[in-house]
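Welcome! Please take a moment with the sequence and the 3D view before reading on. The report below starts with the whole chain and then visits a few of its residues.

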Amino acid sequence: MSPPAACDVLVLGAGVIGCSTAWHAARLGARRVVVIDRRGVAEGTSAQSSGILRTHYSVAENVELARRSLTAFRDFGSYLGDPEADCGLALPGYLIVGDEGARSQAIRAALAQQRAMGIDAVEIDARQAREILPLLRTHDLAVFGFEKDAGYADPYLTATAFARAARRLGVEFRLGETVAGLTADGGRVTGARTDRASYAAGVTVCALNVWSNGVLEQLTGVGLPLVAERHEVMALEAPQPYLPRYPVLKDMTSPSMIYARCYGTRQLLVSAGLEGQPTSPDEDQADVPLDVVAQVGSEAAHRLPAFETAGVASTWTGLYDVTPDWNPVLGPLPGWDGLVVAFGFSGHGFKLSPAVGELLAQAALGLPTAVALAPYRCTRFAEGALLAGAYGKGAVS
Ligand SMILES: Cc1cc2nc3c(=O)[nH]c(=O)nc-3n(C[C@H](O)[C@H](O)[C@H](O)COP(=O)(O)OP(=O)(O)OC[C@H]3O[C@@H](n4cnc5c(N)ncnc54)[C@H](O)[C@@H]3O)c2cc1C
């Protein structure tokens, strides 16, 4: 094997988090940045994402990361210094609905928290909600939260734009190369071994999502607080279209806490917002059982009666990297210098990717982080300092 190739920052994983981190590291002055992925850019879970962007969270730390990220998404070309960069942004707004009860209090509290942080997030009434979304059934709803400057973007476009901007700053991508393990000297991570080469690195950023355990457990001998979960997504088509101007919809009254958005120009992308089925990180695509289609489809049709006669246009599955509090672990791993980790995005990492990439790059380069990473430390689970959301387990957090 050839002598280790030396770099300042070695990023493992070319998903949207790895690509964002690599670009930020180069932008912040790292001289040699290398990204390794066993497949290609955005060919992991980033390719399966629903792409929803919102700052509606009950956990204040997440609101801040989402707010900073949304600013980047909204002016993506200028942010990347690449006028041709396009993240496929659509901002039809985010409408979250509930009935009376505990979740309604949580919705109102989250809206108030957003406003206190300068975000245009308001409670509207049923008539206003129907103006925004004429297909909406409202008779059994009591609370309607609306975030105007929210919507969705395209994770593939986003990750590849980060990668292109990174390459322009000299970042090297080693694609089709599989990380076999990290190398260490005492308590210091010194790089990684792949199926083709060894890399010596000043600092290694592990952005391997559900596959993080495979690499990090070899190093530490301890399993991560991380499980892979299967989530099903479907696109429905009805005679009446779900138009691009209609908002992303979150229905907190539905048994599966469904979320939905326009897909293409008229279809409805819909998925459940509850815990999924634990599965192997190596699962690629799985069948979406008919009972799941029937359940989620009927919940969508209850809230959007125009979809009572909808047909299924397509279905797919994706993997969430889930931690016990449904929030990511970001930053160093205690006891290991030269290593920064990012895993456990629990179904909501895309919308945080610009800010998270910046924070990881800052941590990797030993710079002060723009937002404190301490709340996202790995030891919070053992300490009982969870970042638990007010909505229970599910991807609103
Ligand atoms: C169905 C679904 C819907 C979602 N919807 C949303 C949403 O609406 N909004 C939102 O904000 N988030 C959403 N998410 C979450 C979001 O998509 C993810 O948090 C985000 O894309 C994760 O990016 P990543 O870079 O961490 O992981 P990935 O994109 O999975 O990247 C990890 C990379 O590591 C590589 N890799 C793995 N093992 C190795 C190895 N040994 N050697 C080399 N390379 C390796 C993989 O090939 C992969 O490219 C959703 C996720 C899913 C699955």
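## Reading the model

Helices (H or I, at least four residues) and strands (E, at least two) are DSSP runs, numbered from the N terminus. This is a predicted model, in which local features need pLDDT of at least 70, side-chain atom pairs count only at pLDDT 80 or more, and totals for chains, interfaces and linings use all residues. Residues are numbered from 1 along each chain as its sequence is written, and side-chain values use heavy atoms, with hydrogens and water left out.

## The chain as a whole

The chain holds 10 helices and 19 strands. Its radius of gyration is 21 Å, close to the 21 Å that the globule rule gives for 397 residues, so the chain is as compact as a globular protein of that length. (The radius is taken over C-alpha atoms, and the rule is 2.2 Å times the number of residues to the power 0.38.) Along the principal axes, the C-alpha atoms fill a box of roughly 65 × 45 × 45 Å.

Of the 397 residues, 57% count as buried; buried means under 20% relative accessible area, exposed over 50%, and partly exposed in between, with a 1.4 Å probe and protein chains only. Contact means heavy atoms within 4.5 Å. Among contacts between residues at least 6 apart in sequence, 75% join residues at least 24 apart.

## Two domains

The chain is divided into domain 1 (5-50 + 155-226 + 325-383) and domain 2 (94-148 + 227-322), with bounds that come from an automatic or database domain assignment. The contact takes 15 residues from domain 1 and 21 residues from domain 2. The domain centres, taken over C-alpha atoms, are separated by 30 Å.

Valine 322 lies in strand E17, and with 5% relative accessibility it counts as buried. Leaving out residues up to four places away in sequence, valine 322 touches Pro225, Leu226, Val227, Glu229 and Ser346. How far is valine 322 from alanine 301, 21 residues apart along the chain, and what separates their C-alpha atoms? The separation is 29 Å.

Threonine 323 sits in the loop between strand E17 (311-322) and strand E18 (329-333). Threonine 323 is buried too, at 3% relative accessibility. Apart from neighbours within four places in sequence, threonine 323 is in contact with Pro225, Val329, Gly344, Ser346, Arg380 and Phe381.

## Helix H7 and its cover

Which residues of helix H7 (residues 212-220) are buried? They are Ser212, Asn213, Val215, Leu216 and Leu219. The cover over these buried residues includes strand E9 (179-185), strand E10 (188-194), strand E11 (198-206) and strand E19 (336-343). Just after H7, glycine 221 takes a positive phi of about 75°.

## Two loop residues with positive phi

Most residues other than glycine have a negative phi. Asparagine 209, although not a glycine, has a positive phi of about 55°. Asparagine 209 is placed in the loop between E11 and H7 and counts as buried at 14% relative accessibility.

Serine 346 is another residue other than glycine with a positive phi, near 50°. Its place is in the loop between E19 and helix H9 (353-364). Is serine 346 buried or exposed? Serine 346 is buried, with a relative accessible area of 0%.
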